[in-house]
Amino acid sequence: MTDSNQLNEFELIHPFPCGNFKFALFDFDGTISLIREGWQKIMVPMMIELLLQTPHHEDEPEITLITKKFVAELTGKQTIYQMIRLAEEISKRGGTPLEPLEYKNEYNERLLKRIKNRIDDLEQKRITPETMAVPGSIEFIKQLHAHNIQCFLASGTDEKYVLHEAELLGLPPYFAGIFGAQDDYKNFSKQIVIDGIIKKYSLSGDEFISFGDGYVEIENTKSVSGIAVGVATNEAERLGIDEWKRNRLIAAGADLIIPDFHRTDFLVNYFLNQNH
Ligand SMILES: [Mg+2]
């Protein structure tokens with residue numbers, strides 16, 4: 001396949017200069033890791049269940065739509081923000097919500113049950129890390145690292161889980177920093193991580209690139225004039241583009257949309273070579 005054919009798999013939204021960046025930020029879930037694939041199928045039904053118990057709720061199809069919408073809007077931020085919103089939605093319908101942290105704990109418990117087999121299989125080495133990763137992502141990061149690009153990972157998932165799951169995928173040696181959500185949630189955000197990197201290394205916009213499947217990291221990157229790559233992986237099939245993600249990433253300001261990293265060599269060359 002020629003380079004131009006390979007480029008057809010990518011969708012360039014806003015042309016950007018390549019070859020300058022020295023720092024790359026990656027989102028974790030959905031961008032690299034598929035360990036938590038399907039988390040929406042745990043979070044959304046849990047919330048619907050709770051909202052349907054409130055005194056003044058809409059019918060189930062309406063509640064389902066509302067829930068899916070606000071969960072999606074908050075994807076990429078720390079999980080606690082989705083739970084804060086859940087508590088607000090419960091109050092709005094005449095219910096008395098618990099503390100958002102309690103909802104987050106309940107959600108984590110339910111999700112960990114769903115992904116327990118995946119984690120066990122990785123821990124026991126019954127499956128390879130690649131089986132639980134977005135195609136080509138691990139190799140892509142290794143190659144960026146080999147080219148002296150400083151890679152960082154920032155996730156809205158609690159840091160203890162991110163560290164463990166990144167370890168299971170064999171990623172820590174390739175990252176200069178791994179950041180996840182803190183209990184003290186007001187002092188952590190992807191924007192804080194990005195601003196910190198830009199400031200610490202006195203970067204200009206095109207020296208910084210980010211890869212993410214959520215609109216939060218795309219917006220945050222564009223706010224510092226960085227290059228934002230939207231990874232619109234179809235997580236369940238591990239093949240092709242998820243149209244819904246694609247549209248949201250473009251709306252958030254993504255410069256380029258890619259389905260995944262399976263054309264690793266081509267991608268590395270594309271990003272590191274100024275003359276393509
Ligand atoms: Mg993500």
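**Overall organisation**

In the protein, 70% of the contacts with a separation of 6 or more are made by residues 24 or more positions apart. The model under discussion is predicted. It comprises 11 helices and seven strands. The radius of gyration is 19 Å, close to the 19 Å that the globule rule gives for 276 residues, so the protein is as compact as a globular protein of that length.

**Dimensions and burial**

- Taken along the principal axes, the box filled by the C-alpha atoms is roughly 60 × 40 × 40 Å.
- Of the 276 residues in the protein, 39% are buried.

**The sheet**

- The seven strands form an open sheet with mixed pairing, and their order is β1-β7-β6-β5-β2-β3-β4.
- The edges of this sheet are β1 (11-12) and β4 (177-181), each of which pairs on one side only.
- Strand β3 (residues 150-158) runs parallel to β4, and four bridges join the two.
- Within this pair of strands, aspartate 158 has alanine 181 in β4 as its bridge partner.
- Phenylalanine 152 stands opposite another residue of β4, namely glycine 177.
- In a regular strand, side chains alternate between the two faces of the sheet.

- Strand β3, helix α7 (residues 159-168) and strand β4 together make a β-α-β unit, which is right-handed.
- Which strands does helix α8 (residues 190-200) touch as it packs on the sheet? Helix α8 touches β2 (23-26), β3, β4 and β5 (208-212).
- The direction of helix α8 makes about 160° with that of β3.

**Domains and their contact**

- The domain assignment gives domain 1 as 3-34 + 133-272 and domain 2 as 40-123.
- Taken over C-alpha atoms, the centres of domain 1 and domain 2 are separated by 26 Å.
- The contact between them takes 12 residues from domain 1 and nine residues from domain 2.
- On the side of domain 1 that touches domain 2, the elements giving two or more residues are β3 and α9 (215-223).
- Helix α9 gives the most to that side of domain 1, with three residues.

**Residues with positive phi**

- Lysine 125 is not a glycine, yet it has a positive phi of about 60°.
- The position of lysine 125 is in the loop between α5 (100-123) and α6 (137-146).
- Is lysine 125 buried or exposed? Lysine 125 has 9 other C-beta atoms within 10 Å, and a residue with 12 or fewer is classed as exposed, so lysine 125 is exposed.
- Serine 225, also a residue other than glycine, has a positive phi, near 60°.
- Serine 225 is located in the loop between α9 and β6 (227-231).
- Serine 225 has 13 C-beta neighbours inside 10 Å and therefore counts as partly exposed.

- Strand β3 is joined to β4 by four bridges, is touched by helix α8, and is among the elements on the side of domain 1 that touches domain 2.
- Strand β4 is an edge strand of the sheet and also belongs to the right-handed β-α-β unit with β3 and α7.

Technical notes: Residues numbered from 1 in each chain as written. Predicted model: local features only at pLDDT ≥ 70, side-chain atom pairs only at ≥ 80, totals over all residues. Pairing = 2+ DSSP bridges. Contact = placed C-beta atoms within 7 Å. Axes fitted to C-alpha atoms, helices over the stretch in contact; angles between N-to-C directions. Rg over C-alpha atoms; globule rule 2.2 N^0.38 Å. Buried ≥ 20, exposed ≤ 12 C-beta atoms within 10 Å, placed from the backbone. Right-handed = clockwise from strand over helix to strand, strands pointing away. Domains from an automatic or database assignment.
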